[in-house]
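Look over the sequence and the structure below before reading on.

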Amino acid sequence: MTSGKDHLPPYFNIDPAAAAERLSDPIDTARFAKAAAFAGRGREDLAKRGYAPDGKKRLRRFSTWEICRYLIPVAPAHFRRVLKKNPTLPQGQGEGNSKWFSIEDVLALRHHFASEGAADREYMPWRPEGLPAKIIAVANFKGGVGKTSTCAHLAMSAALDGYKVLVIDLDSQGSLTSIMGGDVPDEWSTAFPLMAKDYAKAMQAENEVRSAAGTPPLPFDETLTEASNVSARDIIQTTHWPNIDLLGAQLNLYWAEFQIPVWRMGLRSWPLWDALTNALTNERIVDDYDIILIDTPPALGYLTINALSAADILLVPLGASFLEFDSTGRFFDMLYSTFASIEDGENAARRREGLPEFRFEWDAVRALITRFDANQQTDLANVIQAYFGDFMTTFRQEVTAMVGQAGEQVNGIYEADYREFNRDTYVRGRETFDRSWAEVKELILGAWYRDLQEAQQDAAEQEQKEMSNG
């Protein structure tokens, strides 16, 4: 028989002298550098799991089963007949009916079926001509809620659907950059020079005014001079997905959070929240892509403000827990106070100058429950759904074994080979993000359609006006 003392919790009866013996010498700041170096080597090693021998990521091929079930709405037998009838089409690799196709093959096959296939099938996703890309920001100032995973999988979903996608990583941790296999040596390969370039342009405009007034110009430093020569296309890189490009991030991007307010203090008229928007629109990046997805830092800082200002659609991931619900509510409160404050300040100046007022607007905002366990979190998720109402997506991203395993390999689930899983596990894991993409795609298409209707109405009114004047 054991005594009650044997069952004491482990935090009782700790010997201070023995504890002191186990301590290392006091830690100085150099030890952080050593830890960072070890972590850097480990990060590189882990990130290359599943990479090719040269350290580059490669996108796997897709089977006939996957193509006919998930990518091109056509029966497998008809798919094979079309390939046999058209030998110039990609024929895939493998023997017999077990053929595997690259994503480039899939895109080519999509175009063929779109021109030759049934009229009532959606072989290519709808995209109105003449309208810019839709920009989606994924944000929440609480970390660990699934922002990066959601952003990466939406990008892959859109790419598999046939869209051309740009992903922008504004989180200096660079997790999205790692998933996409990006190479970002320093801050000059991030969004930082685009922010600096926008400030430099504002300074140039201010100096023209000062020159006309005979006052001394604002000084240009080396950073602003160098940034003025950077184009967004210089720093956007291709990825192992042929229709996903990347504007990556790395640790030094965080310095933008310190530099942007310094610039703003130097030129109070600079609208710092428009820097990313201006880079994407003035350099016509929005015309090069169908969809732009932005992953943000876990904070409502200057980089996140730029992402939200540029966005047409805002997605806010959160877990089904009280703390994450509470934090997300506070995030919405901070969004209100931040952007309302900008509106108030700018519109006060506009009213003085007789200019029309402006306001921030988004096509849609949705909170999305991630890492959902239906067995334990359904009641709380329903409560969250009730309070956030139409701000919520209807589908909740469930935790599955496939999602966890893909994350360990620094991959998205769409990059995982289904042969490594039980077929049901694969289907269930994929459905988690397929259904999220379906809801987001509906928002995108609805917003595009509304924009198209407005553009057509504006064109009709302009035509009528010209006829009246004529």
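In which sense do strand β3 and β7 pair, and over how many bridges? Strand β3 (residues 134-138) pairs with β7 in the parallel sense, over 5 bridges. The model is a predicted one, in which local features need pLDDT of at least 70 and side-chain atom pairs count only at pLDDT 80 or more, while totals for chains, interfaces and linings use all residues. Residues are numbered from 1 along each chain as its sequence is written, and side-chain values use heavy atoms, with hydrogens and water left out.

- Helices (H or I, at least four residues) and strands (E, at least two) are DSSP runs, numbered from the N terminus.
- Two strands pair if DSSP finds at least two bridges between them.

**Burial of β7**
- Strand β7 (residues 291-295) is largely enclosed by the rest of the structure, because 5 of its 5 residues are buried (under 20% relative accessible area, with a 1.4 Å probe and protein chains only).
- I291, L293 and D295 are buried on one side of β7, and I292 and I294 on the other, so both faces are covered.

**Helices α3 and α17**
- Helix α3 (residues 64-71) packs against helix α17 (residues 423-469) at an angle of about 35°, and their axes are 13 Å apart.
- Axes are lines fitted to C-alpha atoms, for helices over the stretch in contact (heavy atoms within 4.5 Å), and angles run from 0 to 180 degrees between N-to-C directions.
- From α3, W65, E66, R69, Y70 and L71 meet R423, Y426, V427, R430 and D434 of α17.

Key
Buried < 20%, exposed > 50% of the residue type's maximum accessible area, 1.4 Å probe, protein only.
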